[in-house]
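Hello,

Please find the structure below. My notes on what turned up follow it.

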Amino acid sequence: MIDEPLRIGVLASGRGSNLQAVLDATARPGFPARVALVVSDRERAQALERAARAGVPARFISPKDFGDREAYDAAVSAALDTAGVELVCLAGYMRIVGVAFVRRWSGRLMNIHPSLLPAFPGLHPQRQALDHGVKVAGATVHFVDEGVDTGPIILQASVPVLDADTEESLSERILVEEHRLYPEAIRLFAERRLRVSGRRVILEARG
Ligand code: GRF
């Protein structure tokens, strides 16, 4: 029996290059997941245009229409539910998701962060890496828990930091890895090959 592709929801606030990488990967024949819905908290997010161009349903849900974070998150959850979403991927989503949302999607909520976590969580990780003088930087895909960028790590990739690097040049080098890692993490999840054991994510062999 051939399984239906896993239905994923992507939350994005801006440029949406990671969304694009996911759209491109999921459009390939045989990829075990597809994007069922894109949600943005910003009306002008390029991510919404990318979704439209790919023929994927996309919704701007305005934070201004809701009294607090919980109410906003509940509306996003409802939209994801209606679309039959089974895995939620944060991709440059600039809002911190609340505890109720994290619990609701526990084990089915991923984020991508442009550092080798647990180094440099939070904002401007590439700048933090340069300020710290590290020689190796990178990207992390992780499950989301109740902390900021603290959840179990699924995949990481490293890049060198060069003496001449600026925040922009380092970000670009990391982004190349992000675009490779996120579809790969989604594929592993869709193939049910990710098992969380305490803080660790165990990668199971192909069945
Ligand atoms: C990426 O670097 C991602 O890791 C971070 O925000 C950036 C979003 O870029 N969370 P894009 O919107 O996917 O192009």
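Phenylalanine 120 is found in the loop between S5 and H5. Helices (H or I, at least four residues) and strands (E, at least two) are DSSP runs, numbered from the N terminus. Phi of phenylalanine 120 is positive, near 55 degrees, and the residue is not a glycine. The loop between S5 and helix H5 (125-132) also holds proline 118. The peptide bond into proline 118 from leucine 117 is cis, with omega near 15 degrees. Most peptide bonds are trans, and most residues other than glycine have a negative phi.

A word on the basis. This is a predicted model, where local features need pLDDT of at least 70, side-chain atom pairs count only at pLDDT 80 or more, and totals for chains, interfaces and linings use all residues. Residues are numbered from 1 along each chain as its sequence is written, and side-chain values use heavy atoms, with hydrogens and water left out.

Now the ligand. Its surroundings include Arg15, Asn18, His113 and Glu178; a residue counts if one of its heavy atoms lies within 4 Å. Helix H1 (17-26) and strand S5 (109-113) each give the shell at least two residues. Domain 1 (1-105) and domain 2 (113-140 + 154-207) each give at least three; the bounds come from an automatic or database domain assignment.

Three polar contacts (N or O pairs within 3.5 Å) stand out for a look:
- Serine 17: a polar side-chain atom, 2.5 Å from a ligand oxygen.
- Glycine 16: a polar backbone atom, 2.8 Å from a ligand oxygen.
- Isoleucine 112: a polar backbone atom, 3.2 Å from a ligand nitrogen.

The protein buries 85% of the 370 Å² that the ligand exposes when taken alone (Shrake-Rupley method, 1.4 Å probe).

Best wishes

Terms used. Polar contact = N/O pair within 3.5 Å; in protein donor to acceptor, adjacent residues only side chain to side chain.
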